[in-house]
Amino acid sequence: MKQEDIVMSLLEKNNGYLTAKAAGEHGVSATTLKRMTERGLIERAVRGLYISIDLIPDPFFIAQYRCPQGVFSHETALYFNDLSDRTPFQLMMTIPSGWNTRLLADDDVMIFYNKAKYAKLGAAEAVTPYGRSVTIYDAERTLCDCLRNVDKLDKDLVLTALKRYMKDPAGDKAKLLEFAATFKIRDTVMRYMEVLS
């Protein structure tokens, strides 16, 4: 089988996405990927990631590919948790302190830092509007993050999300307070809960 045929087969198998690493594991050279891109047979989404030419790129999946240790947070996670109807115009991710990412130079992504021991606290899987799986923070962790950084966010969006959460019978208020205690904002969260309930 020709290398180009292998690329097309792998793209089909992986819903239109192919990493250079996966291509290499199947005997496809970087030169082949470059030539196919130049001829318009495939598209280079970002360094090391290729997509089918008829695919609409998934900005959430691509950002997570570029920053695998990152978790979608704040306003982006509000959207994924159905606490906001607004599609994020700027993606927000949290990464462990001490990590670096090329996304820091990307104006489309706002990066927040958190202690490494809290990096996976409240992490959950979500499916993007494009059908790809990404890592986000759950509603309770997201609300705590938003209240801790409310000065950097859209305050109205955060308050609307809190109101929506408080009205939702599925919201785990005990978990919200537990996370709030972990991040030393329990009193703040309690005040909001009293006002909004």
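How far is the sulfur of Cys 144 from the closest cysteine sulfur, and in which residue is that sulfur? The partner is Cys 146, at 9.4 Å, which is too far for a bond.

This is a predicted model, in which local features need pLDDT of at least 70 and side-chain atom pairs count only at pLDDT 80 or more, while totals for chains, interfaces and linings use all residues. Residues are numbered from 1 along each chain as its sequence is written, and side-chain values use heavy atoms, with hydrogens and water left out.

**Cysteines**

The structure holds 0 disulfides, a disulfide being a pair of cysteine sulfur atoms within 2.5 Å. For Cys 67 the closest cysteine sulfur is also in Cys 146, but 18 Å away, again too far for a bond. Cys 67 is buried, at 0% relative accessibility; buried means under 20% relative accessible area, exposed over 50% and partly exposed in between, with a 1.4 Å probe and protein chains only. Cys 144 is buried as well, with a relative accessible area of 0%.

**Aromatic rings**

Rings of Phe, Tyr and Trp (its six-membered ring) pair if their centres lie within 6.5 Å; planes under 30 degrees apart count as stacked, over 60 as edge-to-face and the rest as tilted. By this rule there are 7 aromatic pairs. Two of them are tabulated here.

| Pair | Centre distance | Plane angle | Class |
|---|---|---|---|
| Phe 60 and Phe 80 | 5.0 Å | 70° | edge-to-face |
| Phe 72 and Phe 80 | 6.3 Å | 40° | tilted |

Phe 60 belongs to helix α4 (residues 59-66) and Phe 80 to helix α5 (residues 74-80), so their pair ties together parts 20 residues apart in sequence. Helices are DSSP runs (H or I, at least four residues), numbered from the N terminus. Phe 60 is buried at 4% relative accessible area, Phe 80 at 14% and Phe 72 at 0%. Ring pairs link Phe 60, Phe 72, Tyr 79 and Phe 80 into a cluster.

Charges also sit over rings (NZ of Lys or CZ of Arg within 6 Å of the ring centre and within 35 degrees of the ring normal). The charged end of Arg 141 is placed this way over Tyr 137, 3.9 Å from the ring centre, and that of Lys 173 over Tyr 165, at 5.0 Å.

**Lining of the second largest pocket**

Residues lining the second largest pocket include Tyr 165, Arg 164, Glu 140 and Asp 82; lining residues have an atom within 4 Å of a point on a 1 Å grid, and a pocket is an open set of points with protein on both sides within 12 Å along at least five of seven lines, for a 1.4 Å probe. Helices α6 (139-148) and α7 (155-167) each supply at least two lining residues.
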